[in-house]
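Please keep the sequence and the coordinates in view while reading.

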Amino acid sequence: MLAAMASRIAWAPGRVNLIGEHVDYAHGRALPLATSLGTSATFTNASGPLRVRSTLDGAQGTLGEPGPAWMAVVEAAAMATGTTEGRLDVDGDLPTGAGLSSSTSFSVAVVLALGGPLDHDRLIAEAWRCEQGLGTPTGLLDQQAIVAARPGMAVLADFADGSRRDVPLPSGLHLAVVHSGVERQLASSPYAQRRAQVEAAERLVGPLGRATLEQLSGIEDELVRRRARHVVAECARVDAAVEHLAAGELVEVGKLIDESHASLRDDFEVSLPEIDQLADELRGLPGSLGVRLMGGGFGGCLLAIGDRPLVVDPRLASWQVRPGAGAEVRGA
Ligand code: GLA
């Protein structure tokens, strides 16, 4: 019987990013938080190569054999932790492909279930490394919240020095995440191209998270300059949002959220016409203070903030989000 006992159950939330989009790989600042929806991974001792089953997509895989794409994450986690035998069952209630960072939630849960580090900085680094096997050169935004968030708080993450601090969210702030209906896969989106443009700007003016708008006038390539302008302005909006949250000025936070959307649409060009239209509709809801595209873009979710729970058209998939806790090992 002993061999069939669950030896470790890990859970990891999804993430909502309040503000600070497409800045993590540019040494910027962002304000993500953890959702109460998440992914659980249960490791059970068993002999033979690690076998993994996921109810999220009904797929399964075995270490060392061809399998679903997410086996790349499992392989990396198994190698890193030395847990190469046993059984791993993955389950959860976080929607996939929606911009709620289901991939990072999966990676963190798997790394923890296989015996990965509990220390936050080490877990963030390890989960990020394992997720790179999925093929998108993502930054560390999602890991910061999924690993380190605390209930009722957002995480102010500074990607220039890897530091973070908790930012309490006013209880009167209501968050709704609304699916645009456009499925997106980061690996097939121009995410890597955007990142390359940002890196081109950084070669000219240094870390964008520390740059000023004035410095950007020296960038000759108009497209690269606009991409950089988004990053620099978005970081300033993050700083302003922290101030306004502390003062309970939710209307001001909402304006920053709307400005973030405009910048993602016009300067960073990661929105889509149907997302812009939905953003306008959500802005019209009673109590709505600000709406923006959230996550990598090209589909996925919008974030709407309000001074009361927002009543979203029931034909759209939507979630009312309370800022929750980061990942944990729940059973041993
Ligand atoms: C995705 C990536 C993050 C971040 C966002 C955009 O969610 O996983 O690292 O770059 O896009 O802010």
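Arg227 and Glu269 form a salt bridge, with their closest N and O atoms 2.9 Å apart; the term denotes a side-chain nitrogen of Lys or Arg within 4 Å of a carboxyl oxygen of Asp or Glu. This pair links distant parts of the chain, since Arg227 belongs to helix α6 (residues 222-246) and Glu269 to the loop between α7 (250-266) and α8 (273-283), 42 residues apart. Helices (H or I, at least four residues) and strands (E, at least two) are DSSP runs, numbered from the N terminus. The model is a predicted one, in which local features need pLDDT of at least 70 and side-chain atom pairs count only at pLDDT 80 or more, while totals for chains, interfaces and linings use all residues. Residues are numbered from 1 along each chain as its sequence is written, and side-chain values use heavy atoms, with hydrogens and water left out.

Arg229 is partly exposed, at 40%, and Asp267 is buried, at 11%.

A local pair occurs in helix α3 (residues 120-131), where Glu126 and Arg129 are three residues apart, about one helical turn. Their closest N and O atoms are 2.7 Å apart, in a salt bridge. An α-helix has 3.6 residues a turn, so residues three or four places apart point the same way. Glu126 is buried at 19% relative accessibility, while Arg129 is partly exposed at 44%. By the stated rule the count comes to 22 salt bridges.

At the start of α6, a side-chain oxygen of Asp221 comes within 2.9 Å of the backbone nitrogen of Leu223. Just after α6, Gly248 has a positive phi of about 70°.

His22, in the loop between β1 (6-17) and β2 (29-30), has phi near 60° and is buried at 5%. Phe298, in the loop between β10 (288-293) and β11 (301-306), likewise has phi near 60° and is buried at 17%.

His22 leads on to the ligand. Which residues are closest to the ligand among the 13 that surround it? They are Glu21, His22, Asp24, Asp142 and Tyr191, a residue being near if one of its heavy atoms lies within 4 Å. A polar side-chain atom of Asp24 lies 2.6 Å from a ligand oxygen atom, and a backbone N or O atom of Gly139 lies 2.9 Å from an oxygen atom of the ligand. The protein covers 97% of the 310 Å² of accessible area that the ligand has on its own, with areas from the Shrake-Rupley method with a 1.4 Å probe; for residues, only the protein chains shown count as cover.

Technical notes. Buried < 20%, exposed > 50% of the residue type's maximum accessible area, 1.4 Å probe, protein only. Polar contact = N/O pair within 3.5 Å; in protein donor to acceptor, adjacent residues only side chain to side chain.
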